[in-house]
There are 4 protein chains.
Amino acid sequence: MVPDPATRPPHGVVPPLVTPLDEHGEVDRASLERLVSFQLDAGVDGVFVGGSSGEIALLDTAQRRAAVEVVVRTVAGAVPVLAGTIDTGTRRVVEHARQATELGADAVVVTAPFYVRPGAAEIVDHFRYVHAAVDVPVVAYDIPSATHVALTPDIVAELAAEDLVVALKDSSGDLAAFREILRRTELPALTGSELFADTAVQVGAAGIVPGLGNVDPHGYVRLHRAAREGDHATAAAEQDRLARLFRITTVADRSRVGFTAGALGAFKTALAVRGVIAHPATNLPLRPLDDDEARGIAAMLDEAGLGPVRAN
Amino acid sequence: MVPDPATRPPHGVVPPLVTPLDEHGEVDRASLERLVSFQLDAGVDGVFVGGSSGEIALLDTAQRRAAVEVVVRTVAGAVPVLAGTIDTGTRRVVEHARQATELGADAVVVTAPFYVRPGAAEIVDHFRYVHAAVDVPVVAYDIPSATHVALTPDIVAELAAEDLVVALKDSSGDLAAFREILRRTELPALTGSELFADTAVQVGAAGIVPGLGNVDPHGYVRLHRAAREGDHATAAAEQDRLARLFRITTVADRSRVGFTAGALGAFKTALAVRGVIAHPATNLPLRPLDDDEARGIAAMLDEAGLGPVRAN
Amino acid sequence: MVPDPATRPPHGVVPPLVTPLDEHGEVDRASLERLVSFQLDAGVDGVFVGGSSGEIALLDTAQRRAAVEVVVRTVAGAVPVLAGTIDTGTRRVVEHARQATELGADAVVVTAPFYVRPGAAEIVDHFRYVHAAVDVPVVAYDIPSATHVALTPDIVAELAAEDLVVALKDSSGDLAAFREILRRTELPALTGSELFADTAVQVGAAGIVPGLGNVDPHGYVRLHRAAREGDHATAAAEQDRLARLFRITTVADRSRVGFTAGALGAFKTALAVRGVIAHPATNLPLRPLDDDEARGIAAMLDEAGLGPVRAN
Amino acid sequence: MVPDPATRPPHGVVPPLVTPLDEHGEVDRASLERLVSFQLDAGVDGVFVGGSSGEIALLDTAQRRAAVEVVVRTVAGAVPVLAGTIDTGTRRVVEHARQATELGADAVVVTAPFYVRPGAAEIVDHFRYVHAAVDVPVVAYDIPSATHVALTPDIVAELAAEDLVVALKDSSGDLAAFREILRRTELPALTGSELFADTAVQVGAAGIVPGLGNVDPHGYVRLHRAAREGDHATAAAEQDRLARLFRITTVADRSRVGFTAGALGAFKTALAVRGVIAHPATNLPLRPLDDDEARGIAAMLDEAGLGPVRAN
């Protein structure tokens, strides 16, 4: 039976899917289908299409649509599909949210406005308008490294008090603020951290949204289960292994590519090495990793015990 | 005769037009027409629609289109029309640029990618792809306060060396970097500063793009003429008067609205007080200024000698 | 028997003592003695004099000396005394470190150089020189909110590999980086976080250095014990209580005082309310909290179950 | 006749002297004397010892004292001597200011408190206390790249209104703020910019304090004279030459040394190449430039027409 995200907010392991591209730079539907199947097989509790890891800021209209379509169709109701509708302003977010809803997304994920410099009350208004304009639940997404605008605990508390959002995805890296939100609200909060996912669950996170989960969903599913069951040692051991694996994001030569290409390029390269997706390409203007870097990533996959994925 | 922006890059006074909205939040075409006429009457050398002052980050697709349409039609070839095609990624910028070109824009204005964190080479690639994809000249736009990504002198020098852009709009506020670009390249560079426009022209700027020019284009036209003619005293006196007028952007209570609403709201309020546009409303989620704030702005307009604008 | 910090690095609960001042602005020796006794009675494992909470950046030479003298004499070998020798440059740090050593400090606590903008290798050199110049163990102190220079995991790994420091105090607020250091080195690492002290211990911190520990050392001693014993529920409950108490740092009106006065003024006000120190004054140029703010803090102390401290 | 800084605030060309060191890392008095004579011969209007270019943050007590002593004695009243008394807190600044005054400094230069995070009112208080505690005029120094605390126009206006300082040295790089201060106050304001010194004078700066003036004081004296006399073309040509010379600060390999070592090391290396000082060494923990970098700097000196300085 299909979970109802209106009654059960996002929870558990919800990987923010990369958006595989083919040799022409278009969405590689077959690869995206395989990625979704790979995630479902691993036992994830939801998927997030069109997040930062999905290169949402680089996708054109057709690519955004294609990604949501493929994911909704492939998931086929097995788990909730969250769609990122990330943009600079309210009206633009509403446009994306309506598209995503029509395509079958179960919830939309919304950041603070950016490029502009909004005040706290205007950020709350942004969510108020989006909430009123779309028919599916809204998940608030705090990612100040990208937006340079923080969803502070005060803002999140207001969103929770007015029931404007059903959950928070927190990619701030700030555990103190995350715990303040857990303390002050009933809002389910998921962490975007790859590196303290175990801790987040132990202190009360409703779930985890790790970009590295694209590459090793089984690891994060094990981590999550152990953390929820209070088996801290197992969760910590898994976390340590995944933290070492996360070093794939530091392989790229930063004099050639920026931070984003280094991280997302590594996820895609690792997925290509594992045979899940066909091409490691990222979207314009990000530069691809080179062969040496790909070999470095392959070696780290080996070290983490991650081999080719078998089709099923 | 119509200037040809392919042979004559943007220059002179090029105000970044606000986008007036009606009571329903849609583009107020009549007000925008009046604003364009007001600017042309004042003797501006070009107009920039869909810049930061035009709330580009908050306009939906229909609003973006409407703003460009109205401006192109009203300008009717009298001066070049630059259209902002500002977005987070290359493909998204290309989408906007094609639309703007179809609607008749003479050039498009493009920032670095943002939300993502690109490397320097990837930023140059971004302009390389946009340049290849669109049929009109591209103007580079440096506004790190919005994008949090700088177009450094090294990057601009590369853009100039490869003829990827025909001009730079520099809103960095960094005069040292601006002069480095003038020293190292032949690229026409326009400043976005309201506050040292005279200086910028004296050190070699090809033009000025002041948001406050919406409110007092005659002042900036006088400033620009004096500065170009080497009459520094007159230019400085005009600059001082305009700098005092710029205090309208500090009237709004910053515990209620953010920086952007305070600045753009002030421009629009001043234009409404002067009778150029019908409503001072800014786009969602920016909050409007209140009546007290509007009175404060009206008093500053009086002090600056700016009364109602007569229709012609 | 006195612990030997050369063989046993700092560990456990090590409060960063405030520096009480009398009505003339001089170090209030009697109050500082009472504060030390209060901490020792609560069972702390060490004390840190002259840290950020000790207003080290605001103390003149005589005050620095007085504070270390009083603390060393009052502690009388019961626990190790760490002395902050925080300053902008290597030679200045060495000057302070020699003074502190002569006065009997068991270890010195050293940040990256600041005001200047050092490279990573120069930061390591800084610790290399300090290590060579002083006779007591050195503790590295990462507090980028104050220094604007980070001790990255790479730098700390280098410090550990060369045995330049015996421990790290991490006040970065960045749990992911903290765990990376724990994973990559054997270096004992203490957290400066008041808000995730329990978590830090659970993931392997050697100790905690909470500014709020001035006010409620018993709480942090209980938290630390529970966390070390794997009783996460008790530790988390204590952490939640302390996190609520930490709201005393947000009581001060931030239009009147800065962040530092708000936080340190709150610690001192709370200690004065509890009868541990005589005056809540902070050093010039920090402004004192006002009576309303003091009453707000007193109410929060009540709520946290913290009453007057009995002399013993 | 000796200028009286109490009646004539700092003005004209006031180079922020580097502090030459000998092979043992102590102040090289002979080199410092030569540097002072070189500056006086070039016609500077004052000297600033112990500024950021003087590595004030890295000098120990003896070095601070030695530098002021040598400069005061060598200047011998020919021009005013400003002494930097830069430190994190009020009492520490007062300590330094009293020392500098005893050693004969004519004025002291004071930044906002740093390491701590003061509020605006506390920053004004800082200057209030320092003003009351020292017998010589105080110059406010805004250098947010070092202190991470800005002296905003509002703060400076308050300092001016209360006569707490006799001048401002503005190293913010923010020409708009600099001009706001000139517009709002009568306070003499000097720019610390090497790169728009001509502009600053043209818009009303009372003087210039360029670190690069150590290397080419004659150039800045010519620039200043031309700018004051309204000969903008000559001033701009000189400024352009000096801006190209300023590229010496970018020669050092930034993977080996930090920003400060790259800039100050270049000034000292250039002075050593020109024969003014004996050694290019900077203070611990800054790393010296290497031989290749020194050759690169020598080539740039050649290109700028700067040869060995003859003793006189």
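C:Phe48 is a buried residue, because its relative accessibility is 1% and the buried class ends under 20%. The model described here is predicted.

**Aromatic pairs**

A pair of aromatic rings is described by two quantities, the distance of the centres and the angle of the planes. Over all chains, 10 aromatic pairs are counted. One of them joins A:Phe48 and A:Tyr141. The centres of these two rings lie 6.0 Å apart, and the planes make 75°. The pair is edge-to-face. A:Phe48 sits in strand β2 (residues 47-49) of chain A, and A:Tyr141 sits in strand β5 (residues 138-142) of chain A, so the pair ties together parts 93 residues apart in sequence. Are A:Phe48 and A:Tyr141 buried or exposed? Both are buried.

Chain C has a pair of its own. The ring centres of C:Phe48 and C:Tyr141 are 5.9 Å apart and the planes stand at 75°, so this pair is edge-to-face. C:Phe48 belongs to strand β2 of chain C and C:Tyr141 to strand β5 (residues 138-142) of chain C, so parts 93 residues apart in sequence are tied together.

| Ring pair | Centre to centre | Angle between planes |
|---|---|---|
| A:Phe48 and A:Tyr141 | 6.0 Å | 75° |
| C:Phe48 and C:Tyr141 | 5.9 Å | 75° |

A:Phe114, A:Tyr115, B:Phe114 and B:Tyr115 form a cluster through ring pairs.

Charged side chains meet rings too. A:Arg117 lies over the face of B:Phe259, 3.9 Å from the ring centre. In another pair of chains, C:Arg117 lies over the face of D:Phe259, at 3.9 Å from the ring centre.

**The sheet of chain C**

Strands of a sheet pair through backbone hydrogen bonds, either parallel or antiparallel. How many strands form the open sheet of chain C? There are eight, in the order β1-β8-β7-β6-β5-β4-β3-β2. Their pairing is parallel. Strands β1 (12-13) and β2 (47-49) of chain C stand at the edges. Each has a single partner strand, so one side of each is left without a neighbour in the sheet.

Helix α2 (residues 61-75) of chain C packs on this sheet. The helix touches β2 and β3 (81-84) of chain C. Its direction makes about 160° with that of β2(C).

Which residue of β8(C) is the bridge partner of C:Gly12? The partner is C:Gly207.

**How chains A and B relate**

Two copies of a chain are related by a rotation about an axis and a shift along it. Chain B can be laid on chain A by a turn of 180° and a shift of 0.0 Å along the axis, with an RMSD of 0.0 Å. That is the relation of a two-fold axis. In chain B, the C-alpha nearest the axis belongs to B:His148, 3.9 Å from it. Both copies use the same surface: 100% of the contact residues of chain B recur in chain A.

**Loops and backbone details**

B:Ser53 lies in the loop between β2 (47-49) and α2 (61-75) of chain B. Its relative accessibility is 10%, so B:Ser53 counts as buried. Beyond its neighbours within four places in sequence, B:Ser53 is in contact with several residues, including B:Pro16, B:Thr19, B:Gly211, B:Asn214 and B:Phe267.

The peptide bond from B:Leu284 to B:Pro285 is cis, with omega near 0°. B:Pro285 is in the loop between α11 (259-273) and α12 (291-303) of chain B. Chain D has a cis bond from D:Leu284 to D:Pro285, again with omega near 0°. D:Pro285 lies in the loop between α11 (259-273) and α12 (291-303) of chain D.

Positive phi values turn up in residues other than glycine. C:Ala76 has a phi of about 55°. C:Ala76 is in the loop between α2 and β3 of chain C. At 60% relative accessibility, C:Ala76 counts as exposed. The phi of D:Asp163 is near 55°. D:Asp163 is found in the loop between α6 (153-161) and β6 (167-170) of chain D. D:Asp163 is exposed, with a relative accessible area of 57%.

Methods. Residues numbered from 1 in each chain as written. Chains lettered and ligands numbered in written order. Predicted model: local features only at pLDDT ≥ 70, side-chain atom pairs only at ≥ 80, totals over all residues. Heavy atoms only, no water. Pairing = 2+ DSSP bridges. Helix = DSSP H or I, 4+ residues; strand = E, 2+ residues; numbered from the N terminus. Contact = heavy atoms within 4.5 Å. Axes fitted to C-alpha atoms, helices over the stretch in contact; angles between N-to-C directions. Phe/Tyr/Trp six-rings, centres within 6.5 Å; stacked < 30°, edge-to-face > 60°. Buried < 20%, exposed > 50% of the residue type's maximum accessible area, 1.4 Å probe, protein only. Lys NZ or Arg CZ within 6 Å of the ring centre and 35° of its normal. Least-squares fit on C-alpha atoms with pLDDT ≥ 70 in both.
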